[in-house]
Amino acid sequence: MKKSLIVIGIILSFILLLIISFFSFFNKQLPTPQDIKPQDLKQEYEMEILVQDLDTPWAIDFIYSKQAIFTERGGKVSIYDFNSKELIEIGDIDISEVSESGLLGIAVDPDFANDLTNNFYVYVYYTYENGNRVSRFHLENEQLCCEEILLDNIPSAQFHDGGR
């Protein structure tokens, strides 16, 4: 009987502690938008337009921190160099663009330009007349070449075609 009373006392104390914590948590005053002053906000970022007049830019990856490689759904693949501010078109893949299909995904090989492997592989996912596919290209002299189809005949659709 004595053990039962001790256990009941512990349980009731625990429940009381939960109730007190619950009410004290929700009783705190959170700041409202009117409480926040512009000088309290840190302005750490600045917007800068790097490239304009693109046709449905869709996927992006990075070559180290120096360059961005990106696709436009219509088939173009380009590199933007952050240092020189230069835009270089490196490929125009023959794709089928209907509604949300087209050139949809891009990835740079994790060992890209590694001194040991000397690979310059770029992987793309795109829609062509018979479905979707994943291909590997070699980046050589600022041009994509040597397509190797890795996965083919992936079902395609007019909407929500995948690719990322």
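**Figure 1. Salt bridge between R133 and D152 in the predicted model**. R133 counts as buried, at 13% relative accessibility. In this predicted model, the side chain of R133 meets that of D152 in a salt bridge, with an N to O distance of 3.3 Å. The pair links distant parts of the chain: R133 lies in strand β7 (residues 131-140) and D152 in strand β8, 19 residues apart. D152 is partly exposed, its relative accessible area being 35%.

**Figure 2. Salt bridge between R73 and E97**. The closest N and O atoms of R73 and E97 are 3.9 Å apart. R73 is buried, with a relative accessible area of 11%, whereas E97 counts as partly exposed at 36% relative accessibility.

**Figure 3. Salt bridge between E48 and K85**. The two side chains meet at an N to O distance of 4.0 Å. E48 belongs to the loop between α1 (2-26) and β1 (57-63), and K85 to the loop between β3 (76-81) and β4 (86-92); the two residues, 37 apart, link distant parts of the chain. For K85 the relative accessible area is 49%, and the residue is partly exposed. The count of salt bridges comes to five, among them the pair shown here.

**Figure 4. Open sheet of strands β5, β6, β7 and β8**. Four strands, in the order β5-β6-β7-β8, form an open sheet with antiparallel pairing. The edge strands, β5 (103-108) and β8 (143-154), each pair on one side only. Neighbouring strands of the sheet are turned against each other by 20 degrees on average, direction ignored. Strand β5 runs antiparallel to β6 (residues 121-128), and five bridges join the two. The bridge partner of A107 in β6 is Y123.

**Figure 5. The cysteines C145 and C146**. A search of the whole structure finds zero disulfides. C145 is in no disulfide, and the nearest cysteine sulfur, that of C146, is 3.1 Å away. A disulfide requires the two sulfur atoms to be within 2.5 Å; the sulfur of C146, at 3.1 Å from that of C145, is therefore too far for a bond. C145 is partly exposed, with a relative accessible area of 21%, while C146 counts as exposed at 57% relative accessibility.

How values were computed:
Residues numbered from 1 in each chain as written. Predicted model: local features only at pLDDT ≥ 70, side-chain atom pairs only at ≥ 80, totals over all residues. Heavy atoms only, no water. Buried < 20%, exposed > 50% of the residue type's maximum accessible area, 1.4 Å probe, protein only. Pairing = 2+ DSSP bridges. Axes fitted to C-alpha atoms, helices over the stretch in contact; angles between N-to-C directions.
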